[in-house]
Amino acid sequence: MKVSAEITLNNGTYEQWLEFFNSYEKKRSNFVRNETINQISASKVQVDFEIIDLEGLTALSADPEITDEEERLGVVTIIR
């Protein structure tokens, strides 16, 4: 399933978010493929990808290490 996520950063910068996002790339690669990251502005990013394991990705997305950092950065994600 191909997905496009629009990510808004309310408390962080693109660079901070990218460092965080890259920190769990290996874990994410078990559940998605063909990721492309497009910086829209200093506080907005578009990530396009294909989900290959929705249950695994859902579990990863609920990991407290990820949710805590997303909260710190003020991440708001809209899936299209």
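1. Basis. The model is predicted: local features need pLDDT of at least 70, side-chain atom pairs count only at pLDDT 80 or more, and totals for chains, interfaces and linings use all residues. Residues are numbered from 1 along each chain as its sequence is written, and side-chain values use heavy atoms, with hydrogens and water left out.

2. Sheet layout. Four strands make an open sheet, ordered β2-β3-β1-β4, with antiparallel pairing. Strands here are DSSP runs of E with at least two residues, helices are runs of H or I with at least four residues, and both are numbered from the N terminus. Two strands count as paired if DSSP finds at least two bridges between them. β2 and β4 are the edge strands, each pairing on one side only. From one strand to the next, the twist averages 20 degrees. As background, strands of a sheet pair through backbone hydrogen bonds, either parallel or antiparallel.

3. β2 with β3. Seven bridges join β2 and β3 in the antiparallel sense. The two strands form a hairpin, with two residues between them. R33 has E50 in β3 as its bridge partner.

4. β1 and its neighbours. Strand β1 covers residues 2-9, and seven of its eight residues are buried, so the rest of the structure largely encloses it. Buried means under 20% relative accessible area, exposed over 50%, and partly exposed in between (1.4 Å probe, protein chains only). β1 pairs with β3 (residues 44-51) over seven antiparallel bridges. There, S4 has D48 as its bridge partner in β3. β1 also runs antiparallel to β4 (residues 75-79), with five bridges joining them. On that side, L9 stands opposite V75 in β4.

5. T8 in detail. T8 sits in β1. Is T8 buried or exposed? T8 is buried, at a relative accessible area of 19%. Leaving out residues up to four places away in sequence, T8 touches S43, K44, G74, V75 and V76. Contact means heavy atoms within 4.5 Å.

6. α1 against the sheet. Helix α1 lies across β1, β2, β3 and β4, and runs at about 170 degrees to β2. Axes are lines fitted to C-alpha atoms, for helices over the stretch in contact, and angles run from 0 to 180 degrees between N-to-C directions.

7. Which residues of α1 are buried? They are Y14, W17, F20 and F21. These cover an arc of only 130 degrees around the axis, which puts them on the same side of α1. The arc is that of the directions from the helix axis to the C-beta atoms. An α-helix has 3.6 residues a turn, so residues three or four places apart point the same way. The buried residues of α1 pack against β1, α2 (25-28), β2 (32-41), β3, α4 and β4. Exposed residues E15, E19 and S23 are carried on the face of α1 turned away from its buried side.

8. α1 with α4. Helices α1 (residues 14-23) and α4 (residues 64-73) pack at an angle of about 175 degrees, their axes 11 Å apart. The pair is therefore roughly antiparallel, the term for angles over 145 degrees. Q16, W17 and F20 in α1 meet E65, I66, E69, E70 and L73 in α4. By class, this contact of α1 with α4 has four nonpolar, one polar and three charged residues. Nonpolar covers Ala, Val, Leu, Ile, Met, Phe, Trp, Tyr, Cys and Pro; charged covers Asp, Glu, Lys and Arg; the others, Gly among them, are polar.

Note on methods. Parallel < 35°, antiparallel > 145°, perpendicular 65-115°, else oblique.
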